[in-house]
Amino acid sequence: MPALDALLDGPRAERAFLLKAVFAGAWAIGIEDEAPLSVVVLARGSATFTGADGIGHELVPGDVVLARGPSPYTFGDRGDRPVSIRILPGQVCVDPHGQVLPDEMFTGVRTWGNARDTGADDTTVLLIGTYERATSVGALLLARLPESVVLHDSDPTLTTLLATELDGEDAGQSVVLDRLLDLVLVTAVRTLLTDTPARPTDPTVTRALAALEARPDLPWTVATLGAHVGLSRAALARRFTHHVGEPPLTYLTRWRLALAADLLAATDLPLAAIAGRVGYTSPFALSAAFKRAHGVAPATYRRAS
């Protein structure tokens, strides 16, 4: 399976949290739900998205925001607007003082916000889909995504389908919404990984990344990886860290454990077989590394999946 196909094979929403948020006037919401991944489409109006880095992004209709937890982020009518609504884990909505907000903000089964008229000139409509479990997204994909990213010019057909389905109450709605969310995510990620500089611009570093991702089972060292791509150990370490943001072997460990997580979630392979596939000498070595990274033992992760 091609590397990109393997990444995009991960998303499997299962009764994901989906909502149409409708706001007017002055508003700002802070997302602190710690969800592994949220997909937000601006369907109407305008808004500012501010990620954990504090940088504001002005959004226009059709823009898609991908945001990974656990870092918080905000949406508002402008970037400097104080947060008036906080979204906590479990999708609990509170005011800045921690008081739970009244249910009156729900204006429909899946519609929420401070505006009643979705067609008013000053109304902003956000379509929000949240993967609440990492296993629903795929650890490989999460390992590749930036903490947050804004993509422009999404497919208007998908946006219309998602908005229409959120307004309905037909039988099987949850299943349809899950599949639409997966489709929006896959389309956005495909754009991100193929049409934007999500990969390093240094072709040698790109080859090094491809080698690590294609053969995580090999006993890579910085020296052998450097020889594979024609760079000295020091030159590869410097250029790889500059472009990827972490040293080669740190990235390799994260990639191996992400692959192990997906194999645990999607297959019945014994831990020893998974360890061999992802480059660990024994199931015990994999189990120790996996627990450090994911906070649970492989068997616990598999049962939760």
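This is a predicted model: local features need pLDDT of at least 70, side-chain atom pairs count only at pLDDT 80 or more; totals for chains, interfaces and linings use all residues.
Reader: With which residue does the side chain of R239 meet in a salt bridge?

Author: Side chains of opposite charge can pair when their charged atoms come close. A salt bridge here is a side-chain nitrogen of Lys or Arg within 4 Å of a carboxyl oxygen of Asp or Glu. R239 meets D202 in this way, at 2.9 Å from N to O. The pair links distant parts of the chain, 37 residues apart, since R239 is in helix α8 while D202 is in the loop between α5 (173–195) and α6; helices (H or I, at least four residues) and strands (E, at least two) are DSSP runs, numbered from the N terminus. D202 is buried, with a relative accessible area of 11%.

Reader: How many salt bridges does a search of the whole structure find?

Author: The search finds seven. Among them, D77 pairs with R81, with the closest N and O atoms 2.8 Å apart, and D77 is partly exposed at 24%, as is R81 at 23%. Another joins D80 and R78 at 2.6 Å, N to O; D80 counts as exposed at 56%, whereas R78 is partly exposed at 41%.

Reader: Which residues have the most contacts inside the largest nonpolar core?

Author: A nonpolar core is a set of buried Ala, Val, Leu, Ile, Met, Phe, Trp, Tyr and Cys residues joined through side-chain atoms within 4.5 Å. The largest one has 34 residues, and L236, F240 and L286 have the most contacts inside it. The helix that gives the most to this core is α9, with ten residues. Apart from this core lies another, of 32 residues, including L18 and L185.

Reader: Where is G69 found, and is G69 buried or exposed?

Author: G69 is found in the loop between β6 (64–67) and β7 (73–76), and G69 is buried, with a relative accessible area of 18%. Not counting residues up to four places away in sequence, G69 touches E34, A35 and P36, where contact means heavy atoms within 4.5 Å.

Note on methods:
Residues are numbered from 1 along each chain as its sequence is written. Side-chain values use heavy atoms; hydrogens and water are left out. Buried means under 20% relative accessible area, exposed over 50%, partly exposed in between (1.4 Å probe, protein chains only).
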